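Student: I'd like a close look at one part of this model: the pairing of charged side chains. Please show me where each partner sits and what lies around it.

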Amino acid sequence: VREQGPYLREWLEFHIAAGVAKFYIHYDASEDDTLDILEEYTRKDERVRVFHVPKENPAYDHRGRCIEDNVDRGRWMLFLEPDEFVFSAHGISLSHHLQVNCTETLKMDVDLKLFGASGHRVRPSDRLVIESYDKWNKPAS
């Protein structure tokens, strides 16, 4: 993650509430408060681990490294950006949904809905991302 300070706390809390068991976050030298927020979460929540992207290798394959380092630590792995929010439409935790509905699945596709600017020219500072960006951009048919 890079320059995600304004969104990161909400993103983490959302996915903790959704039932994500572990976070492997790759930090890429931000100039905002991203690192402070990540350090706060690593201190208070053992599910959050932060890895620093090497400055000498900006093309660092963080996804490949994450898979390689954690292949035996869990059944499922989800790669997200801080502007992506994933949840079960059935009102259950993500881990429970996967255990019940994806027992034989090696890969699962997730429906993507793009919300765009939802009519905003500037991000509303007094509301959450999931409250502010609620107008779905339906694809052209």
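Tutor: Let's start with D45 and R47, which form a salt bridge with the closest N and O atoms 2.7 Å apart; the term means a side-chain nitrogen of Lys or Arg within 4 Å of a carboxyl oxygen of Asp or Glu. This is a predicted model, in which local features need pLDDT of at least 70 and side-chain atom pairs count only at pLDDT 80 or more, while totals for chains, interfaces and linings use all residues. Residues are numbered from 1 along each chain as its sequence is written, and side-chain values use heavy atoms, with hydrogens and water left out.

D45 counts as buried because its relative accessible area is 10%, whereas R47 is partly exposed at 28% (buried is under 20%, exposed over 50%, partly exposed in between, with a 1.4 Å probe and protein chains only). Within it, K44 and E40 meet at 3.5 Å, N to O. Both lie in helix 2, four residues apart, about one turn of the helix; helices (H or I, at least four residues) and strands (E, at least two) are DSSP runs, numbered from the N terminus. K44 is exposed, because its relative accessible area is 52%, but E40 is partly exposed at 24%.

The structure holds four salt bridges. One of them joins R2 and D28, with 3.9 Å between the closest N and O atoms. That pair links distant parts of the chain: R2 is in the segment before helix 1 (5-17), and D28 is in the loop between strand 1 (23-27) and helix 2 (34-44), 26 residues away. Both partners are partly exposed, R2 at 41% relative accessibility and D28 at 28%. Q4 also lies in the segment before helix 1, yet Q4 is buried, with a relative accessible area of 18%. Leaving aside residues up to four places away in sequence, Q4 touches D32, T34 and P82 (contact means heavy atoms within 4.5 Å).

F23 stands opposite V48 in strand 2. Strand 1 and strand 2 (residues 48-52) run parallel and pair over five bridges, where pairing requires at least two DSSP bridges between the strands. Together with helix 2, these strands make a right-handed β-α-β unit: with the strands pointing away from the viewer, the path from the first strand over the helix to the second runs clockwise. Along the sequence, the chain as a whole follows the pattern α-β-α-β-α-α-α.
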